[in-house]
Amino acid sequence: MSENASFFRSDDEGPGRLRLHLNETPYGPPPGAVEAVREEADGHLAHYPDPSARTLRAALAWHFAVDPEMLTVGNGVDELILLTALTFAAGPDADVTCTAGTFPGYGEAARAVGATVRALPLTERHAVPTAEMAAALADGTDLAFVCNPLNPTGSVLAAAEVADLLAAAQDAPGRLLFDEAYLDFAGPDHDHALERVRNGAPALVTRTFSKAWGLASIRLGVLIGPPGDIARVERTARALPFRVSRPAQRAVRAALGQPAHLERVRTETARAREHLIKSLDTIGVTALPSAANFVMAELPDGADSGRVAARLAAEHRVLVRDLTLLGLPGRLRITVGTVPQVEQAVSALAAVLHTMEPSS
């Protein structure tokens with residue numbers, strides 16, 4: 001089984017589980033999105049979707065304040081990451097740079113297209129090493145992935161850090177991609193990369209409707225960037241002409257008409273996230289500051305995070321993500337649920353830690 005598949009597998013789900021392992025929102029999709037999916041299912045399951053997603057792309061261009069030629073869509077950000085790698089970094093002579101200890105899909109995509117993967121260590125603050133990433137761009141990497149906010153630590157880049165990376169990309173031969181799947185939780189004050197791309201900066205930005213918008217099941221990712229780069233990605237994507245389903249196209253259009261839902265999700269997530277961090281502290285677990293809908297929790301006394309995650313699932317029906325696979329042993333990534341869900345998870349974690357034998 002691949003690293004990516006292992007990271008996302010959940011053999012132990014079932015009814016009644018508290019799903020705090022995949023960074024899903026507990027607040028569901030915006031009003032009208034479910035109805036849009038039902039209407040498509042009732043009348044159009046036998047019909048192919050519009051391969052160019054013209055109506056949806058026009059709505060997304062308005063939402064993100066970019067020209068339609070600066071935007072394309074895919075079957076989730078995962079597909080767009082793979083399409084970008086195929087377009088700009090395919091073959092044994094290609095070089096892809098990402099950070100260690102983050103979303104494994106970047107490395108999986110690079111290896112799938114035959115590229116060499118260069119993984120830069122995170123900083124001591126468990127953040128993106130922007131100076132090293134800028135140096136990699138200057139050195140000629142074909143494609144650099146920057147996860148912002150960073151999964152799984154939740155750190156977010158400052159405006160100056162984004163500017164430094166974009167300055168490095170300006171004269172670099174390769175492409176810089178900001179994966180901003182979690183930026184909706186950080187809010188518009190952190191919209192530095194997209195704002196600069198709107199104004200001509202040479203970079204790509206991804207956004208998703210799987211996280212804050214509550215539409216993970218239908219899979220809709222967005223890639224924004226210079227028109228020439230978007231056109232090249234779309235040429236690659238012609239091999240998959242019907243990759244965004246009719247229900248996905250309809251549901252996202254319905255969601256875009258409900259901006260208040262996104263603000264509510266952002267506000268409620270921030271409140272529950274603060275409660276989670278403070279509650280973890282009361283049981284001796286340190287959680288890093290986060291701008292996303294998850295926190296990275298550092299277990300005390302060298303506790304085995306794999307054993308802790310397994311016991312949480314088996315004994316308390318609480319699913320969290322063990323980060324050992326990402327090179328971060330002794331740490332868990334915990335999705336921010338509602339306040340009652342946070343309290344349930346922390347209570348379960350306290351019970352497990354109380355009965356854990358010290359690691360040898």
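Two strands pair if DSSP finds at least two bridges between them, and strands (E, at least two residues) and helices (H or I, at least four residues) are DSSP runs, numbered from the N terminus. The views below come from a predicted model, in which local features need pLDDT of at least 70, side-chain atom pairs count only at pLDDT 80 or more, and totals for chains, interfaces and linings use all residues. Residues are numbered from 1 along each chain as its sequence is written, and side-chain values use heavy atoms, with hydrogens and water left out.

**View A. Strand S13 and its partners.** Here S13 (residues 331-335) pairs with strand S10 (residues 294-298) in the antiparallel sense, over five bridges. Look for Phe 294, which stands opposite Thr 335 in S13. Strand S12 (residues 321-322) also pairs with S13 in the antiparallel sense, over two bridges, and Arg 321 stands opposite Arg 333.

View C. Four strands follow the order S9-S10-S13-S12, with antiparallel pairing. S9 (286-287) and S12 stand at the edges with a single partner strand each, so one side of each is left without a neighbour in the sheet. S9 and S10 pair over two bridges, with Ala 287 opposite Ala 297 in S10. Helix H13 (residues 305-316) packs on the sheet, touching S12 and S13 (contact: heavy atoms within 4.5 Å).

Notes
Buried < 20%, exposed > 50% of the residue type's maximum accessible area, 1.4 Å probe, protein only. Axes fitted to C-alpha atoms, helices over the stretch in contact; angles between N-to-C directions.
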